[in-house]
Every structure is written in structure tokens, then in C-alpha cells.
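Look over the sequence and the structure before reading on.

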Amino acid sequence: MRITFVAHATVLVEDDGATALFDPNYSKRLAYIFNKRKVPLPMGPDRLPKPDAILVSHDHYDHLDGPSIKKYDKWTPVVVPKRLRAVVGLMGRREVHPLDWWQGDRLKHFEVTAVPAFHFSGRPPWFFVRDAYQGYVLQGSKTVYFAGDTGLNNQFREIGERFAIDLAVLPIGAYHPPSFRYHHVSPEDALEAVKRLRAKHLLPVHYGAFDLSWEPFEEPPLRMAKVAKQAGMEDRVHIIPPGTTLEL
């Protein structure tokens, strides 16, 4: 299994000829007018294999980006939280798979299960949908958990009890001011989440693209490396630059 950290929260999984793409965002700005990408995109869709399925964790602009979704064929399956079906349909998608928490689907080689997240939703000023956020467990030759965005109050222990997770893909940016940690995890929180999940490995994402919070832009991966070393978990935490691939 190959996992490519494209940039921000965009992650591509390749396994046995099947490809799944999480939260694609290739845009220079969020929703055309908001936060500008601070670092050039290391690779775009032209350098990536076409996905057999796109999985969207929630409707915030840095995770559900209309222009990026529209770069793919309209019949590419898109998995979304149930309440986002109409929003993605307005983007011209013709095969939308809405899931509630703990519901599953089969997409080519992969078994996909929507799992809880502890976050919030909304696409101001046009769409305000409640409870439109979730993570995913992707089961192929290995089992990958993609959290999307979530706070530490998430149901990590239950997810870890239901699945034997080889790799947890967790966000580690947007944790300052401290109130942001209610809906996001810091590097320290990510390590605690890994323990609760009983995951073998951690791939940190959600940093190094857009300036979304108050911590120094370069801090999340440096802080992640520091706390992983302090915890004796360097061999389990894979801090890779955007645009590179991890093999399991």
C-alpha cells in the first residue's frame, strides 16, 4: 500500500490497483477569495493517478473544494457525510455515496466505513449544514484511518476497538489559540489519539499549505517530531514532506 501526502489534508491511497483520494484541494485560494496557499502545490491531479473514489470528510473549504472535485470525471464516486449529498450534487457529481457514522460501502478493492469525528460544519455564506463531518476507515491490504478534522473528544477508543488500524492519518495543524483544540488536535493530542486508536503508525497532515490559525506556520511538523522523540515513538510517526509517498 502506498500513501501519498499530497498537501494540507489531501491524501492518496494506492493498493492492489485501486486508488482512493481523500479531501482533494489543489486551489490557490479557499473558495476563490479566502486564505491563499502559502507554499506552492507540490503536485496536482495531472501527476496523480485517477482515483476510483473520492472521500470527503466535511464541508469546510479546505477539505471540500469545488474546483478540485470538478477536475475529475463526474461519474467518479464521491463518498460524503449524508447531509452533504445535495452540496456535492450541485458540483455536478453523478455518483454520490452518502454515509452516516458506522455505515459502510465497497468501492472497488476497498471496504470503506464512515466513523465519528468531533468537529463542526458549514460553508458560509451559502450552506450551513449540521453534523456534516466524519472520518473514514479504508480497508484493503492494510487498514488506514483518515480522521479529516477532529478534536481529541472523538470516539477514538471505539474506532480502535472495531478496527485494527495500521496507519492513522491525523491533522496536527490549527491548534492555537488553545480554544481551537476543542475541534482540532495538536501534535501532543495526535499522539494521545494514536494510543487510544491502538494504531501502529501515524501520518501527520493538515499543515504547510494554508495559514488557518495562530501557531507559527512552520511549527506543526517540528513540534510533532519533538513530542514523538520525547515519547519514544519516532519509528511510528512518519513526518514526510508534502508531495512524498509512504509505503506500508
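Lys 38 is partly exposed, at 48% relative accessible area (partly exposed lies between buried, under 20%, and exposed, over 50%, with a 1.4 Å probe and protein chains only). The model is predicted: local features need pLDDT of at least 70, side-chain atom pairs count only at pLDDT 80 or more, and totals for chains, interfaces and linings use all residues. Residues are numbered from 1 along each chain as its sequence is written, and side-chain values use heavy atoms, leaving out hydrogens and water.

**Salt bridges**
- The structure holds 12 salt bridges (a side-chain nitrogen of Lys or Arg within 4 Å of a carboxyl oxygen of Asp or Glu).
- Lys 38 pairs with Asp 211, with the closest N and O atoms 3.7 Å apart.
- These two partners sit 173 residues apart and link distant parts of the chain.
- Asp 211 is partly exposed too, at 34%.
- Lys 108 and Asp 52 form a salt bridge at 3.5 Å, N to O.
- Lys 108 is exposed at 52%, while Asp 52 is partly exposed at 27%.
- A network of salt bridges links Arg 2, Glu 14 and Glu 247.

- The largest pocket holds about 410 Å³ (a pocket is an open set of points on a 1 Å grid over the protein atoms alone, with protein on both sides within 12 Å along at least five of seven lines; its volume is the space filled by probe spheres set on the points).
- The pocket has 17 lining residues (those with an atom within 4 Å of a point), and His 60 and Asp 62 are among those nearest its centre.

How values were computed:
On a 1 Å grid over the protein atoms alone, a cavity is a set of points where a 1.4 Å probe fits but cannot get out, and a pocket is an open set with protein on both sides within 12 Å along at least five of seven lines; lining residues have an atom within 4 Å of a point. Helices (H or I, at least four residues) and strands (E, at least two) are DSSP runs, numbered from the N terminus.
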